[in-house]
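Please take a guided tour of the charged side chains in this model. Keep the viewer open and select residues as they come up.

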Amino acid sequence: MADENEMNSTDDQALADEWAAALGEAGEGGQADIDALLAADAGNSTNRLAMEEFGSMPKNNGPVSLEGPNLDVILDIPVSISMEVGSTDINIRNLLQLNQGSVIELDRLAGEPLDVLVNGTLIAHGEVVVVNEKFGIRLTDVISPSERIKKLR
């Protein structure tokens, strides 16, 4: 046990010596050298821009419009839209017993509006309709953009 302590202290001393040598190679410059460099650099600050604080409002480079920022950049990005009829929780035993013709009771009443989700975020409520023998959804209530943003935070 004493041999291990001596070996650890020897390793620690060797590591400390390596750090001391590396710091010695870095130079003897201290705070005075740093202050001198900053003072010399202050004279060259005419071509530098002031740093903006993180989270500050961006500078307005163009005319202000009521439509907001130019959305053309993101208009072609695909998103997933889904309609949620309802949901329920079941245990694995009942899940494994499901087969063709099984009925699962959901947490919604018949005739209650469906949720319309875009990338998992609720954007509207609607009702099921049939159009040309295909199911569709008629939006009955659209969540305002400000409410959607509040839900993201």
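A residue counts as buried under 20% relative accessible area, as exposed over 50%, and as partly exposed in between. The model on screen is a predicted one.

Begin by selecting E112, in the loop between helix 3 (92-96) and strand 2 (114-118). Is E112 buried or partly exposed? Its relative accessible area is 38%, so E112 is partly exposed.

Next come the salt bridges, of which the structure holds two. Side chains of opposite charge can pair when their charged atoms come close.

For one of them, select D115 and R108. The closest N and O atoms of this salt bridge lie 2.4 Å apart. Colour the two residues separately, as their accessibility is worth checking. D115 has a relative accessible area of 12% and is therefore buried. R108 reaches 21%, so R108 counts as partly exposed.

Then move to R138 and E127, which also form a salt bridge. Here the closest N and O atoms are 2.8 Å apart. The pair links distant parts of the chain, with R138 in strand 4 (residues 134-142) and E127 in strand 3 (residues 121-131), eleven residues apart.

Conventions
Residues numbered from 1 in each chain as written. Predicted model: local features only at pLDDT ≥ 70, side-chain atom pairs only at ≥ 80, totals over all residues. Heavy atoms only, no water. Salt bridge = Lys/Arg side-chain N within 4 Å of Asp/Glu carboxyl O. Buried < 20%, exposed > 50% of the residue type's maximum accessible area, 1.4 Å probe, protein only. Helix = DSSP H or I, 4+ residues; strand = E, 2+ residues; numbered from the N terminus.
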